[in-house]
Amino acid sequence: MGFEEQVALVTGSSSGIGAAIAQELAAQGAAVAVHYRGNAAGAEAVQAAITEAGGRCALFQADLTNPDEAANLVKAVTKELGPIDILVNNAGTTRDTLLMTMKEDDWDIVLDTNLKSVYAVSRAAVRGMLKRRKGRIINITSVVGLTGQAGQSNYAASKAGIIGFTKSLAKEIGSRNITVNAIAPGFIPTSLTGVLSDEQHNAIIAQTPLGRMGTPAEIAYAVTFLADERAAFITGQVLSVDGGLAMM
Ligand SMILES: NC(=O)c1ccc[n+]([C@@H]2O[C@H](COP(=O)([O-])OP(=O)(O)OC[C@H]3O[C@@H](n4cnc5c(N)ncnc54)[C@H](OP(=O)(O)O)[C@@H]3O)[C@@H](O)[C@H]2O)c1
């Protein structure tokens with residue numbers, strides 16, 4: 001079953017995991033809002049790939065640390081593509097450092113980008129979903145939000161926050177036929193993980209039962225699974241897609 005007649009907004013889809021999610025949803029037939037903050041060239045490349053493959057999409061720019069820009073993004077997508085059926089809150093960043101050297105700015109940027117954006121975009125998108133009694137919200141958290149990670153207390157706090165948000169919102173709006181779930185990726189090679197040393201890279205692979213890193217396409221597949229009509233009875237869940245790294 002595809003996603004024809006559906007509109008999907010994928011935040012942070014100018015590169016990495018978000019780009020793969022946007023391309024997969026478009027390949028399944030959805031009209032996709034490709035969102036970026038600074039990487040216009042990346043977003044244009046995603047648009048070109050979707051269009052060449054026969055899919056439909058449009059580009060939108062917004063800094064999601066600003067709730068007004070988040071609200072305007074939802075308005076602009078709705079105006080151009082139609083009401084949002086599928087929201088994928090994927091935009092994220094890191095500012096890794098030990099707590100003793102973590103500046104207030106390192107904390108604020110990570111919390112605002114990863115968590116406040118999820119609140120702001122969801123709040124704006126949920127209004128239309130409530131009226132239409134239809135919607136899927138999929139939040140990209142992280143294995144680190146489940147397990148913690150030295151040097152990432154800001155990132156882990158933001159990702160654990162997403163899990164609490166996901167479960168709470170799932171309880172709030174389940175009666176309106178809207179599901180809210182999270183996906184917790186393990187380590188996926190993108191610009192976010194490009195900073196890892198060879199030693200860190202090898203250590204992660206050694207701890208992963210499947211013995212490798214994941215791919216953006218494997219996260220995108222999990223998104224389409226949760227967005228599919230047949231997943232209508234799944235809500236408030238955290239789906240780990242991590243090669244077995246953080247079995248709970
Ligand atoms: N890679 C991994 O191993 C991994 C593991 C677990 C979870 N994740 C999560 O997966 C998501 C995607 O990460 P990725 O690895 O694909 O990294 P990425 O390639 O660096 O993509 C990050 C995306 O977030 C956007 N973004 C950053 N700051 C933003 C802001 N203030 N406002 C709006 N958009 C903003 C970026 O937009 P611009 O570049 O256009 O500015 C980009 O599109 C993140 O939530 C990350 O935490 C990744």
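Predicted model: local features only at pLDDT ≥ 70, side-chain atom pairs only at ≥ 80, totals over all residues.

Student: OK. Is H1 mostly covered or open?

Tutor: Mostly covered: 11 of the 12 residues in H1 are buried. Among them are Gly16, Ile17, Gly18, Gln23 and Glu24.

Student: And what follows H1?

Tutor: Gly29 does, and its phi is positive, near 110 degrees.

Student: Switching to the ligand. How many residues surround the ligand, and which are the closest?

Tutor: The ligand has 27 residues around it, the closest being Gly12, Gly16, Asn39, Gly92 and Thr190. Gly16 is also one of the buried residues of H1.

Student: Which helix gives the most to that shell?

Tutor: That's H1 again, residues 16-27, with three residues in the shell around the ligand.

Student: What's the shell like by class?

Tutor: It has 16 polar residues, nine nonpolar and two charged.

Student: Let's zoom out. How many helices and strands does the protein chain have?

Tutor: Eight helices and seven strands. The radius of gyration of the chain is 17 Å, close to the 18 Å that the globule rule gives for 248 residues, so the chain is as compact as a globular protein of that length.

Student: What box do the C-alpha atoms fill?

Tutor: Roughly 45 × 35 × 35 Å along the principal axes. As for burial, 46% of the 248 residues count as buried.

Student: What share of the contacts join residues at least 24 apart?

Tutor: 73%, taken among contacts between residues at least 6 apart in sequence.

Student: One more spot, Leu111. Where is Leu111 found?

Tutor: In helix H4, which covers residues 104-132.

Student: Why does Leu111 come out as partly exposed?

Tutor: Because Leu111 has 17 other C-beta atoms within 10 Å, while a buried residue needs 20 or more and an exposed one has 12 or fewer.

Student: What is Leu111 in contact with, leaving aside its neighbours within four places in sequence?

Tutor: Lys116, Asn154, Ala157 and Ser158.

Key: Residues numbered from 1 in each chain as written. Near = placed C-beta within 6 Å. Helix = DSSP H or I, 4+ residues; strand = E, 2+ residues; numbered from the N terminus. Nonpolar A, V, L, I, M, F, W, Y, C, P; charged D, E, K, R; others polar. Rg over C-alpha atoms; globule rule 2.2 N^0.38 Å. Contact = placed C-beta atoms within 7 Å.
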